[in-house]
Amino acid sequence: MRLKSIFFALLCATILVGCCSACRQRQKNAKPLKGTEWHLVQLEGKDIDLPINSFNITLGEDGSLAGIGACNRLLGQYTVAENYAIDFGQVGTTMMLCPENGELESQFTAVLGGVTHYDIDGDQLILLQQGAIKALFKALPSEVVK
């Protein structure tokens with residue numbers, strides 16, 4: 001019985017060390033929340049294949065949000081608190097009529113306004129609302145950023 005207990009303790013320790021190592025690697029490779037241009041790849045659980053120059057956001061060091069939807073510029077403010085809490089508040093847009101993806105743009109800005117938390121996994125930004133994934137972004141390479 002004692003041998004089983006020792007084996008179980010070693011197994012648990014090995015799993016914990018492996019998880020901690022994976023977490024450290026994930027943090028090391030994570031893109032910064034602020035200053036990275038994030039491109040939308042999933043909204044409300046649906047994969048989205050959009051041109052690289054649309055549906056992007058960048059979060060400034062000063063708490064500003066800038067971006068583009070289907071054809072309108074996005075602007076607003078955000079705040080970050082402990083435990084990865086984030087609040088975008090009201091996201092404003094210019095008022096051009098977008099011939100393509102206009103409805104998706106409205107859905108996109110509504111989702112941003114309801115987000116409560118975020119997580120970063122490598123080059124992915126995950127936006128959540130009360131634990132449910134609402135939007136998934138991929139970091140654009142710096143050479144693509146304008």
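In which sense, parallel or antiparallel, do β3 and strand β4 pair, and over how many bridges? β3 and strand β4 (residues 64-68) pair in the antiparallel sense, over 4 bridges; two strands are taken to pair if DSSP finds at least two bridges between them. The model is predicted, so that local features need pLDDT of at least 70 and side-chain atom pairs count only at pLDDT 80 or more, whereas totals for chains, interfaces and linings use all residues. Residues are numbered from 1 along each chain as its sequence is written, and side-chain values use heavy atoms, with hydrogens and water left out.

The secondary structure of the chain comprises 2 helices and 11 strands. These elements are DSSP runs numbered from the N terminus, helices being H or I of at least four residues and strands being E of at least two. Their order from the N terminus is α-β-β-β-β-β-β-β-β-α-β-β-β.

Glutamate 37 has threonine 58 in β3 as its bridge partner.

Of the 146 residues of the chain, 36% count as buried, that is, under 20% relative accessible area, where exposed means over 50% and partly exposed lies in between (1.4 Å probe, protein chains only). The largest nonpolar core has 27 residues, and Leu40, Phe88, Phe108, Leu127 and Phe137 have the most contacts inside it. Such a core is a set of buried Ala, Val, Leu, Ile, Met, Phe, Trp, Tyr and Cys residues joined through side-chain atoms within 4.5 Å. At least two residues of this core are supplied by each of β1, β3, α2 (102-114), β9 (117-121), β10 (124-129) and β11. The largest share, 4 residues, comes from α2. In soluble globular proteins, nonpolar side chains tend to be buried together.

Contacts (heavy atoms within 4.5 Å) were examined for two residues. Leucine 127 touches residues including Phe88, Leu112, Tyr118, Ile133, Lys134 and Phe137, not counting residues up to four places away in sequence. Lysine 134 lies in strand β11 (residues 132-139) and is buried, with a relative accessible area of 16%. With the same exclusion of residues up to four places away in sequence, lysine 134 touches Gln42, Leu43, Glu44, Val111, Leu127, Leu128 and Gln129.
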